[in-house]
Amino acid sequence: MANAKQPILKNTPTPKAASKKPLDADRIVAALLLIPSIILVGIFVYGFIGQTMYTSLTDWGQNPAQALALNPELKYIGFQNYADLFTGLLDSRFRQDLVSTLFFTLFFIVGSLGLGLVLAVMLDQNPKGESFFRTLFLFPMSLSFIVTGTIWRWLLQPEGGFNQLLGTKFQWLNSREQVFQFNWQDIPFYTALVVSLVFFWIAFQAFQNKKTNRLIVAAASGLVLLLWGIIFGRNAEWVYPIPETHGFNLAFIGIIIAAVWQMAGYTMALYLAGIRGVPEDLREAARVDGCTEIQIYQKVIFPLLTPITLSAIIILGHISLKIFDLVFAMAGADNATTDVPALLMYLTSFRSNQFAKGAAISMVLLVMVAAVIVPYLYTSLRKDRR
């Protein structure tokens, strides 16, 4: 019988015991080879992250006489540098950089994914010379951001390149116009709005899965948070004493175009591999059901590309959050309209010698990148274990 219990042999190892392999010579050699790498990564990655974290909690650089001393006298000041960055009257540039980075990330990801998907669908039609176009679209990826930035800086000169082609005089990298402006005092409201939308999404998922307790908790949490944001989050003087406007600098349009040009080929390759991986049987079944070619993409292929889209968002997101070299090559370090936190960290640390505040900016960047990467790694590890 299929369900009959098989006799357990005396010498058969249990699964737990089987996972414990004997410590043979190969395993010892492998461990010895790994130990130096583990030590070096521990010191030069995590050790330096810890050192940077400690530096951000000190006043290193506030006293110019001690900034470049061989043995500077450091004073522990807690999270004062972080408080200054987000609420200090003298650090509005950091807040604008933060807003610029978020807008840049949004448009960069949308542009790269959209253009990459369009190119992949076009190549999926098996056009003549497909291999040539595939290589052509992938070519920008072989260039560094410095080379890409130099090329696009020439193209976006006020009197040449794009302006000559379009017949315009737009200041691609120097425009001081802003759109999507908002008051920094409304940050608590927008934060509460985003988090409450996440709670409402969780509640919607719980409703679909008929999980009543999760539905009630998520919906109530989202509602309470949203009400708190509406009542206490608008014009919050307890966050920042005076109104301060920030928005999307139009000078970033040129940088976004250059970044999308470089990374669209990468997303095209991901999407094309995903589309070519869809079994032909599924397409044939959809055709038999009466779907047109466009409907096959909409109802069969695009839903199957969701994991690829998520992976691409993670990778593009962490690239955009720490962007430095492309901006430096295109607009230079002193162009305030195209400033980003990584560039400000460089200027604060190595020009102004305010090492503690520069370390605080770097830790904020680390947290932002970790917020993107850690959930992805956690999900990937869970899938591997399954």
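## Crossing of α5 and α11

Helix α5 crosses helix α11 in a right-handed sense (right-handed if the near helix is turned clockwise from the far one by less than a right angle, left-handed if anticlockwise). Helices here are DSSP runs of H or I with at least four residues, numbered from the N terminus. This is a predicted model, in which local features need pLDDT of at least 70, side-chain atom pairs count only at pLDDT 80 or more, and totals for chains, interfaces and linings use all residues. Residues are numbered from 1 along each chain as its sequence is written, and side-chain values use heavy atoms, without hydrogens and water.

The axes of α5 (residues 92–123) and α11 (residues 252–276) lie 6 Å apart at an angle of about 40° (lines fitted to C-alpha atoms over the stretch in contact, with angles from 0 to 180 degrees between N-to-C directions). α5 is therefore oblique to α11 (under 35 degrees is roughly parallel, over 145 roughly antiparallel, 65 to 115 roughly perpendicular, the rest oblique).

## Pairing of α9 and α10

Now to α9 (residues 187–208) and α10 (residues 212–232), whose axes are 8 Å apart at about 165°. That makes α9 roughly antiparallel to α10, and their crossing is left-handed.

Among the α9 residues in this contact (heavy atoms within 4.5 Å) are F189, F199 and F200, while α10 brings residues including L215, L226 and W228.

## Two domains

The domain assignment, automatic or from a database, gives domain 1 (82–177 + 255–384) and domain 2 (181–249). Their contact takes 15 residues from domain 1 and 11 residues from domain 2. The centres of the two domains, taken over C-alpha atoms, are 27 Å apart.

Terms used
Helices (H or I, at least four residues) and strands (E, at least two) are DSSP runs, numbered from the N terminus.
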